[in-house]
Protein chains: 2
Amino acid sequence: MKAVGINGYGTIGKRVADAVSAQDDMKIVGVTKRTPNFEAKRAVELGYDIYMSAPDRENLFEEADIPVKGTINDLYDKVDVIVDCTPGGVGAKNMADYEKAGVKGIFQGGEKHDQIGRSFNSFSNFKESVGADFTRVVSCNTTGLCRTLNPIKELAGINKVRAVMVRRGADPGQVNKGPINSIVPNPPTVPSHHGPDVQTVMKGLKITTMAILVPTTLMHQHNLMVELDSSVSVDDVLDVLEKTPRVIPVEASSGLGSTAEIMEFAKDLGRPRGDLFEIAVWKESLNIVDNELFYMQAIHQESDVVPENVDAIRAMLEMETDPQKSIAKTNKNMGIIG
Amino acid sequence: MKAVGINGYGTIGKRVADAVSAQDDMKIVGVTKRTPNFEAKRAVELGYDIYMSAPDRENLFEEADIPVKGTINDLYDKVDVIVDCTPGGVGAKNMADYEKAGVKGIFQGGEKHDQIGRSFNSFSNFKESVGADFTRVVSCNTTGLCRTLNPIKELAGINKVRAVMVRRGADPGQVNKGPINSIVPNPPTVPSHHGPDVQTVMKGLKITTMAILVPTTLMHQHNLMVELDSSVSVDDVLDVLEKTPRVIPVEASSGLGSTAEIMEFAKDLGRPRGDLFEIAVWKESLNIVDNELFYMQAIHQESDVVPENVDAIRAMLEMETDPQKSIAKTNKNMGIIG
């Protein structure tokens, strides 16, 4: 039973904690919080030990009546790996501390590949992180692109990918972010960083991405144009996507014509927090014109990387070297249907 | 002085009425309303004669204290052309009435090309509508695509266009439409109708489009990927767009990084209703990779087709046969800067 610590029990951290707890070969031994907010209270109720990520804040936690086990330095001794779920840009600064404490570290897509030195996607390059000290699970958008581009590449080969990423402006709980009523090219330059980020795990793939922010909180949406190497049919593509774990083809015609309806579907499935760990691909959008595949997909930004974090733990701690076995195990324990 | 009637004094109709009134070679002799709402009251204040588009509604207008000059049948005798600005799908049904009354008719992009038999864009195919009885000004999105694709085609030739259209969910005044917090593939199939619609005026252009609705009311946003025939530089493209009428390159770095800020800019210009008749192209988005041009643009859906309606009147009534002269005249009288 491997021991896992979460640094940063926020949007991603709390989900990774629950996903790790659902496995039979790893457990959470502690999570860190900087602020004694509602998430900290809930962590206590769920039985997670809390460690303060910043020193000299005992008074705050005491006032909030939230028991703490110590600081993050006390947590290092108890873990085999820290999953760093701190805000983007903070994780890389923590890396030196992990190194000094002699613990392995998994970072999120908010960190830069070059700073961590290695990136991870379960389907694209699991083996590159086997036994590694540090790796970075690519961002929710990049994870979504890899999930569907990998099987398509295996099926037909890919000459070139163009993708336009329509991103949610903020997560549901982020009340201080926009936009409220605007479309924001983000970045206003082409290509966006998503293409190069895919290339950190799908080496050599030709891909150009454009990205905008829109006033919604639920999911990202991707529009993909994929020039194929060999000739296949739409049915061939649909067939391979149906069989791909963590990908679910959905039908607009069955009432799943938008990101809002897809989130409603995830709630009906009884998912924790209404999460959809799978990438939803609209069946109707699949089309091939002049050997170019077009499709649209939806990404639940708060949760799609969670199973990848579990797989990354197994790779780094050499608990499993076969990606398919780890993916299957993670999925089964998390109740992933796709 | 040619006499113009507007059938349907709503979002587009009221703008076309004002644009026609701003010209020195045509005038509005009447507008139709079905309902005596605030727009009808304002039309009276602006000096437009009102005709009822449906019979047996005198009581409604009387109760609202809005004077009417008669029904639409009374208007036919007074006009050289009717600009039909009724809701999408209604215009085509009116065509037989116009034919019977012996008046020419201009329709909007909500009607189907096949039903009207001819489509119009000032820059693409002005001459095809010279002397015609009926034509259709292509939709706001299609107009926006033509505005920038035409000069790029003239500059470098176009092999193939891919475009992802991020559409506003509703106009600002449409309180009963969505989405509020969702991204909606619309249609969920590929290609969307926009590509074929461009081909009604830019014959033979290879173009594939994908379209989604997002929760914003201000503008549409387009993401374009244009494979060029010949090698040009980004500066060449920017130079030609700077010189193209009704196109304005804007800089995200100067505070115009979103559709909301661009609309604020239009208000600062003192435009009527805060309209932006020009297509705004983000300078920073222009890039050429492997002879493929990428760029992003914003479309003010309520107003970009308005100057095209004025040009269409000149073409159909043979007041001008040179598109550039009509465009320049329309622009000068409307205060269009681009």
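**Close-up views of a predicted two-chain model**

Figure 1. B:V190 is buried, with a relative accessible area of 7%. The model shown here and in the following figures is predicted. B:V190 belongs to the loop between β10 (184–185) and α8 (194–199) of chain B. Leaving out residues up to four places away in sequence, B:V190 touches A:E284, A:S285, A:N287 and A:F294 of chain A, together with B:T208, B:T209 and B:M210 of chain B. The C-alpha atom of B:V190 is separated by 33 Å from that of B:A266, a residue 76 places away along the chain.

**Figure 2. Helix α13 of chain A and its two sides.** Helix α13 of chain A comprises the twelve residues 323–334. The buried residues of α13(A) are A:P323, A:S326, A:I327, A:T330, A:N331 and A:M334. Seen down the helix axis, the buried residues of α13(A) fall within an arc of 125°, so they line one face of the helix. A:K325 and A:K332, on the other side of α13(A), are exposed. The packing partners of the buried residues are α1 (11–21), α7 (122–125) and α12 (306–316) of chain A.

Figure 3. What caps the N-terminal end of α13(A)? The cap is A:D322, with a side-chain oxygen that lies 2.9 Å from the backbone nitrogen of A:Q324. The residue that follows α13(A) is A:G335, and its phi is positive, near 75°.

**Figure 4. The largest nonpolar core.** This core has 46 residues, and those with the most contacts inside it are A:I262 and B:I262. In soluble globular proteins, nonpolar side chains tend to be buried together. With its neighbours within four places in sequence left aside, B:I262 is in contact with B:M219, B:V250, B:L256, B:L276, B:A280, B:W282 and B:A298.

**Figure 5. A:T142 in its helix.** Helix α8 of chain A (residues 140–156) contains A:T142. Is A:T142 buried or exposed? A:T142 has a relative accessible area of 0% and is therefore buried, a term that applies under 20%. Not counting residues up to four places away in sequence, A:T142 touches A:H194, A:D197 and A:V198.

**Figure 6. B:K104 in its strand.** B:K104 has its place in strand β6 (residues 104–107) of chain B. The relative accessibility of B:K104 is 17%, so this lysine counts as buried, the limit being under 20%. Its side chain reaches the backbone oxygen of B:A132 at 3.3 Å. Apart from neighbours within four places in sequence, the residues in contact with B:K104 are B:D80, B:V81, B:I82, B:G131, B:A132, B:D133, B:F134, B:M316 and B:L317.

Key: Residues numbered from 1 in each chain as written. Chains lettered and ligands numbered in written order. Predicted model: local features only at pLDDT ≥ 70, side-chain atom pairs only at ≥ 80, totals over all residues. Heavy atoms only, no water. Helix = DSSP H or I, 4+ residues; strand = E, 2+ residues; numbered from the N terminus. Expected span 1.5 Å × (residues − 1). Buried < 20%, exposed > 50% of the residue type's maximum accessible area, 1.4 Å probe, protein only. Arc of directions from axis to C-beta. Contact = heavy atoms within 4.5 Å. Polar contact = N/O pair within 3.5 Å; in protein donor to acceptor, adjacent residues only side chain to side chain. Core = buried A, V, L, I, M, F, W, Y, C linked by side-chain atoms within 4.5 Å.
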